[in-house]
Structure formats: C-alpha cells, structure tokens
Amino acid sequence: MATSFYIDNPYPMHGNHGELYEKELRRFFESFSPHRILDAGCGTGAMTRQLAMHFPEASVLGVDRSTASIELARQRHSGLPNVTFEMLDLETEVPGGGNVFDFIFCQGVLHHMNDPAAALRNIYAATSRDMAGYIWLYSRHGRVEIAQIRELLTIFSAENRPVDNLLAILETLRPAYSNLYAAEERDLLEWVGDDPVWTRDDERKARYMDRYVNPIADHYSVRDAAELLRSTGFTITAVPTLEAIELDPALAQLISSSVADPLDRYAAMELVIRPWGVGYLVRKEQG
C-alpha cells in the first residue's frame with residue numbers, strides 16, 4: 001500500500017515538486033490571507049515550508065501518515081516558528097480536531113489513496129465554512145504514457161524485482177515514449193539540488209519510484225475531479241494549472257466562443273494542454 005511505500009521512499013527528498021510554487025501558485029496566493037493552514041499529506045515538508053514563508057502570520061500544520069516523511073520534515077524545517085508536523089492518516093482521522101483551518105493545501109496526495117473521498121470528508125470536517133483550498137491531482141489525459149509504462153511494469157511483474165533491476169527495465173522502456181522521455185530528461189537537466197550529497201542519479205531514482213512504482217496512482221480528468229470534489233462537499237472555483245498556460249490565440253478563442261460552461265472549458269483545456277497534473281482551487285459548497 002502507499003503508506004509502506006512512502007516509509008521506504010519519502011518524497012520529495014530534495015527540491016520542491018518542480019518549483020510548483022513559482023510556476024503556478026504565487027500569483028493565486030496573493031489574494032489569500034489565511035490564519036490556519038493545513039498541508040494535507042505534507043510528505044517531507046517542502047511545500048509546508050513554502051506556505052509558512054509566504055504566510056508568516058499564519059500557523060501551518062503539516063500532516064502525513066509516513067513516519068519517514070514526517071521525521072525528515074521535522075529535521076529539515078524545525079527552524080520555522082509557525083510550522084508543526086504531525087503523524088496523521090487523512091483517510092481515518094480529522095486533522096486539528098475539526099472546523100479550524102481556513103486554507104488547505106493538498107498536492108500529490110489523494111491519487112495515492114485507497115479512499116480519497118474519505119480523506120476529503122475529513123478535510124471538509126477540519127475546515128471552516130469560508131475556507132479556501134488548493135488540491136492537485138494526476139491528470140488522466142496528461143499521464144496516458146505514464147499509465148502505459150506502469151501497466152508494462154505490471155506485466156513484467158516489477159513488484160517482485162529488485163529496485164536496480166526495475167530501474168534498468170524503465171531505462172529500456174522509456175525511450176519508446178519519445179515525448180515523455182524528452183520531457184523527463186529535460187526536467188532532470190533543469191533540476192538544481194540543494195544538497196551536494198544528493199546527486200542527479202539519486203533524484204532520477206526517487207522520481208521514477210514515485211511515478212512508476214508507487215502501488216496506488218489514480219488519474220483524474222477535470223470532470224472526474226469535479227465529481228469527486230462535489231461528492232465530498234467542495235466546488236472548483238479556478239484551475240491555476242490550466243490558467244497559467246498561454247494557448248495559441250486562435251485555439252483560446254475557439255474554446256471560449258464554443259463552450260459556455262466553465263467546467264467544460266477547463267475540460268477542453270486539459271485535453272489540449274495535457275499536463276501531468278492539475279491543481280484546483282476549491283471552496284466548500286454553500287447552501
């Protein structure tokens with residue numbers, strides 16, 4: 001299961017999820033002034049730190065069910081006065097005792113869960129009525145080739161192979177998916193580490209374990225995500241991942257003039273852009 005996977009493979013070890021904050025979140029966060037923030041599934045605390053630095057007046061709680069990840073988070077970020085970390089299973093527990101957080105951040109978490117709806121219901125119970133949140137999920141349309149490689153690994157019984165053998169299989173498979181291969185190699189070349197002991201090969205292994213070997217990795221279209229969120233009491237207010245991409249003007253005009261419903265517009269944009277993951281700004285449904 002995903003819990004034991006992240007005990008053996010805490011993530012991210014170094015870096016900050018491809019600089020997600022700088023690429024996508026900074027301009028959306030300018031309109032927020034939260035008091036209590038929940039990083040729901042904080043991993044090693046990279047984004048918890050970013051949230052604490054961006055909102056220095058807020059208290060930030062990072063929770064995760066991986067003991068290894070929480071231990072690393074505490075070691076790395078203990079100097080931040082407005083951050084605490086706790087072991088907590090979002091699928092079975094309500095963080096903070098309920099109705100206390102006015103902003104939640106949940107990035108790269110729900111798609112690794114057996115019951116993401118249960119986790120969202122607990123997040124709902126933990127937040128105030130006027131809360132806002134950011135939830136990032138793997139994209140069904142952007143991860144087609146990743147899903148195919150994962151299926152091939154299943155056919156090759158990868159779960160029964162030593163890690164080095166599994167990684168060797170990946171190095172044989174990946175070039176067959178030329179666009180994906182080029183994107184992954186480019187990302188690794190652009191990666192800048194923050195620890196001289198952690199090499200680019202270490203980062204490659206960590207990324208591939210998380211991307212291809214993690215035992216649970218569900219993929220969501222915009223419509224899938226909207227239904228999951230609606231069923232647990234949330235509504236989508238914006239989609240920063242898609243709004244941050246500048247489309248060809250003619251294509252943007254075609255979408256805006258042909259599609260009236262905002263959710264359908266986002267669905268069309270996802271099919272065109274095909275990102276690996278999509279971040280959603282959410283609020284509680286009112287009424």
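These questions and answers cover a sheet and the helices around it in a predicted model.

Residues are numbered from 1 along each chain as its sequence is written, and side-chain values use heavy atoms, without hydrogens or water. In this predicted model, local features need pLDDT of at least 70 and side-chain atom pairs count only at pLDDT 80 or more, while totals for chains, interfaces and linings use all residues.

User: In what order do the seven strands of the open sheet stand?
Analyst: Strands here are DSSP E runs of at least two residues, and helices are H or I runs of at least four, both numbered from the N terminus. Two strands pair if DSSP finds at least two bridges between them. The pairing is mixed, and the order is β3-β2-β1-β4-β5-β7-β6.

User: Which strands stand at the edges of this sheet?
Analyst: An edge strand here has a single partner, so one side is left without a neighbour in the sheet. The two are β3 (83-87) and β6 (234-238).

User: Which residue in β7 stands opposite tyrosine 134?
Analyst: Strand β5 (residues 127-138) and strand β7 (residues 277-284) pair in the antiparallel sense over six bridges. Opposite tyrosine 134 stands leucine 281.

User: Are α6 and α7 roughly parallel or oblique to each other?
Analyst: Helix α6 (residues 144-155) and helix α7 (residues 163-173) pack at about 130°. Angles run from 0 to 180 degrees between N-to-C directions of axes fitted to C-alpha atoms, for helices over the stretch in contact (heavy atoms within 4.5 Å). Under 35 degrees is roughly parallel, over 145 roughly antiparallel, 65 to 115 roughly perpendicular, and the rest oblique. The pair is therefore oblique.
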